[in-house]
2 protein chains.
Amino acid sequence: MAEAGAADTGRRRARGGGGAARRAERTSTRHEVARFIERRIPDFEVLDAEALELIEANAETVLEEIGVNFVENPAALERWREAGADVQGERVHIPRGLARKLCATAPGRFTQTSRNPERAVEIGGRNLVLAPVYGPPFVRTYEEGRRYATMADFEMFVKLTYQSKWLHHSGGTVCEPTDVAVNKRHLDMLLAHMRLSDKPYMGSVTDPKRAEDSVRMSEILFGGALPADPVMTSLININSPLTFDNVMMGALEVYAAAGQACIVSPFIVGGAMAPVTIGGTLTQVLAEVLAGVAYSQLVKPGAPVIFGAFVTSIDMNSGAPTMGTPEASLILYGAGQLARRLGLPFRSGGALCTSKLPDAQAAYETANTLNAALLGGVNFMLHSAGWLEGGLVASPEKLVLDADQLGMLHQLAGGISLDENGMAMDAIREVGPGGHYLGCSHTQANFKTAFWRTQVLDYKPYETWIEEGGMDSVQFAARRVKHLLDTYEQPALDPAIEEALQAYVAGRKAEEPDAFG
Amino acid sequence: MAEAGAADTGRRRARGGGGAARRAERTSTRHEVARFIERRIPDFEVLDAEALELIEANAETVLEEIGVNFVENPAALERWREAGADVQGERVHIPRGLARKLCATAPGRFTQTSRNPERAVEIGGRNLVLAPVYGPPFVRTYEEGRRYATMADFEMFVKLTYQSKWLHHSGGTVCEPTDVAVNKRHLDMLLAHMRLSDKPYMGSVTDPKRAEDSVRMSEILFGGALPADPVMTSLININSPLTFDNVMMGALEVYAAAGQACIVSPFIVGGAMAPVTIGGTLTQVLAEVLAGVAYSQLVKPGAPVIFGAFVTSIDMNSGAPTMGTPEASLILYGAGQLARRLGLPFRSGGALCTSKLPDAQAAYETANTLNAALLGGVNFMLHSAGWLEGGLVASPEKLVLDADQLGMLHQLAGGISLDENGMAMDAIREVGPGGHYLGCSHTQANFKTAFWRTQVLDYKPYETWIEEGGMDSVQFAARRVKHLLDTYEQPALDPAIEEALQAYVAGRKAEEPDAFG
């Protein structure tokens, strides 16, 4: 059987300083949360050494011969020039081997800590950390259908994520609160993560000033100064192909300088922002990540970074992005191998789907990606629950359905135990040919932990199911959403810290007029 | 990109005698069908050599010390006695190593041929052959809901399977035609496979006499005598734990003697028919398959057989079977390794799910199993499309949704091409930083085959989707079911053969009164 140990609970394994852990014990709401997945199964690898070397050689050729653009960012160009790159206008040609050499100072794994140290996550190695959906401007609920997302929705998603045993990380822009001004909503979003959850979170990246706000608010949350370990892992998208804009790079510069972690992630719809073939896409992804990670190390050697890859394909009929496809899985497997050879933590998407509804299409697409991400050695999975309609929509019902599947990943990652209890020879002897295992002593001793248990799927007999209304998955999920929100309790937070956070947000909001769009 | 070659079409690669192939060209309806999947990706393996040896040693202990029951089958007991087993009553104790030695005469791969030789499948090696759902007494359709299955439903599933590009095999009891007498329905089912499809099929196993009918009808179909290669692969379930009943063994004896292939398959709900732990279940599965396959070789050395494993877990709350679980995936991965070490083709389940509806639950469960089966090295996947409600229900909408996902498996199995076109360096040079790949020459040259294309999922923009009715996956699937049935054309069959088959069925039906239940 899979070992339950893969899903270490915060309860059983307090980490960090004993004092901090005990304080958290006293002040935080007690509910069972898995810290992160520790894989006891191997990675699935589709490329051999020769193939990997070819992709790596071609990526170096791309960097040297074609180069990358750092747009409207004279300081970045100067850093590259000093590092030995050939800078022509905004085009940076990086000599073979330079980017890889610069990447060597980035840590292979790091701890992102949290205000509750029991919720700290270790990113890298054999671990997998799960964070919810990021970015949708719309929300779809079973009761209300599809509409623009609001700050109330944002808070609902933070609460649902906090309540989930299987989501380790509170995420970032779980949806876009479109009822708050664009230039101020990052403040409310950060405050929601900090107040309503004690899981680790992400910072704002939509403007370097907002990244600075994220650092300032984190300092307040942590009692005046940031701890040694990073407290944010933020999402820096590369403008594929081969372009690094000054907004995202500006945020990266803020975070790297403050010792905070970033995901350096090409955002690619294959066939549009990268070649239509997998080999070409992997080459471009590697070139882009090499340049981006190298740049983070030019800003601050040793800054924690993650090798990101968000790659979907394009539907050649409609031009729409597709998700959960075989090409996406193959790219994920290949990119994972490239990241491990580079010695960097690896990030993928998670519950990706294109369907407008949390229906069969959504679930096929999602499960394809979740399985590939677990087996492909992903260390940080963004969008691992709640994603709908190509990322335009966040759905609370999809979030609880996805989160249930994430529990499955925990058990799968545990592998197979072959100790005496696992091998069960005494049970086979006891039951014998034609017998029944339900009543045997081995089953009695193990049944509580032997199998993964769903919290939302339905296994009842048909007749019972009909009597209870013949509900589909979305209706079961809607019931669970309501239960989780009804039983939510806010984790305790020092009132002085909360007050200081509120004051910071109020002060910053007063400094500039509202901007929308 | 994944190479389309994984999905070789019958059109491009006719096999067997040129005359037969040309005859098939003339007489069969022309539509594109993938022959089978040829994997260009590795197997995912969760057990190391030491673990595998432990399971193998324990399985030998089970066979020797505990033994297996061959029930009401004196001939089988006599065969075992002659082979050197210690037979006590109906209990057969098989000395260490004997079963494995007997298994050595079973072929590692074989061709199951078909009346259209272009549809012949190769079972074993790196191949994966896909067959539809098997066994449900109920049908659920979008229009009519859930009801008992009839012969008309059976014919519908044969036609849908025939129409699918991605289902290579017509299967067996695609549903139970409950409107035909139990002792006669096998005749109508076989006739439907033979008339309405030219894909390979399975024989009846519910009585040795019905297996004989299957052989007789196959002789007629193939012009009076069976060809050298088997024309049926039939499903022989083991009555786990460790029991071989005389009905299933009787059918096995008929098929093995006639050189026809059998799947020797424990049917296990873990926690009930096998230990509640994965290691114990794998041990029992291996012991059972060793005994069953060895017995097939006692009947006829060289008889083609498949290492089967149908394993689900039990929901410890309700006692209901669960599907698409992490335990089921781990068992599949482990059993695949054991089968490969034994040198036998490996069979698993496919679109397994417990949901009553083709909803998100059904699709998560299904996709989990489909992904595990592809990566776990399965050679013959039964139930790969159309399964619902734990196998109680067959669904046409689920069948077309699943079949679409099977197309995805074909592309995933193709792996990553790293030839010059695949690496796309010229495209990366042509487009450059900030450019767009949609219009570039490499995209134009590759876009038709670069990406897997769905035939049922929806990628349209939200507004278009709303205008067209805001349909969910089941509604899209229902539309496709209708299209496939409307465009179905029966493959040509020699009228003399069809007449002889009809006469055989009529004659056999006249021999005995109807039996129901």
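**Two helices and two chains**

Reader: Is the crossing of helix 6 of chain A and helix 7 of chain A left-handed or right-handed?

Author: This is a predicted model, where local features need pLDDT of at least 70, side-chain atom pairs count only at pLDDT 80 or more, and totals for chains, interfaces and linings use all residues. Residues are numbered from 1 along each chain as its sequence is written, chains are lettered from A and ligands numbered from 1 in the order written, and side-chain values use heavy atoms, without hydrogens and water. Helices here are DSSP runs (H or I, at least four residues), numbered from the N terminus. A crossing is right-handed if the near helix is turned clockwise from the far one by less than a right angle, and for helix 6 and helix 7 of chain A it is right-handed.

Reader: Why does helix 6 of chain A count as roughly parallel to helix 7 of chain A?

Author: Axes are lines fitted to C-alpha atoms over the stretch in contact, and angles run from 0 to 180 degrees between N-to-C directions. Angles under 35 degrees count as roughly parallel. Helix 6 (residues 185-196) and helix 7 (residues 208-221) of chain A have axes 10 Å apart and pack at about 30°. That makes the pair roughly parallel.

Reader: How many residues of chain A are in contact with chain B?

Author: Contact means heavy atoms within 4.5 Å. On the chain B side, 117 residues take part; the chain A count is 116.

Reader: What is the distance in the salt bridge of B:Glu65 and A:Arg429?

Author: A salt bridge puts a side-chain nitrogen of Lys or Arg within 4 Å of a carboxyl oxygen of Asp or Glu. Chain B and chain A share 4 salt bridges. The side chains of B:Glu65 and A:Arg429 meet, N to O, at 2.4 Å.

Technical notes
Parallel < 35°, antiparallel > 145°, perpendicular 65-115°, else oblique.
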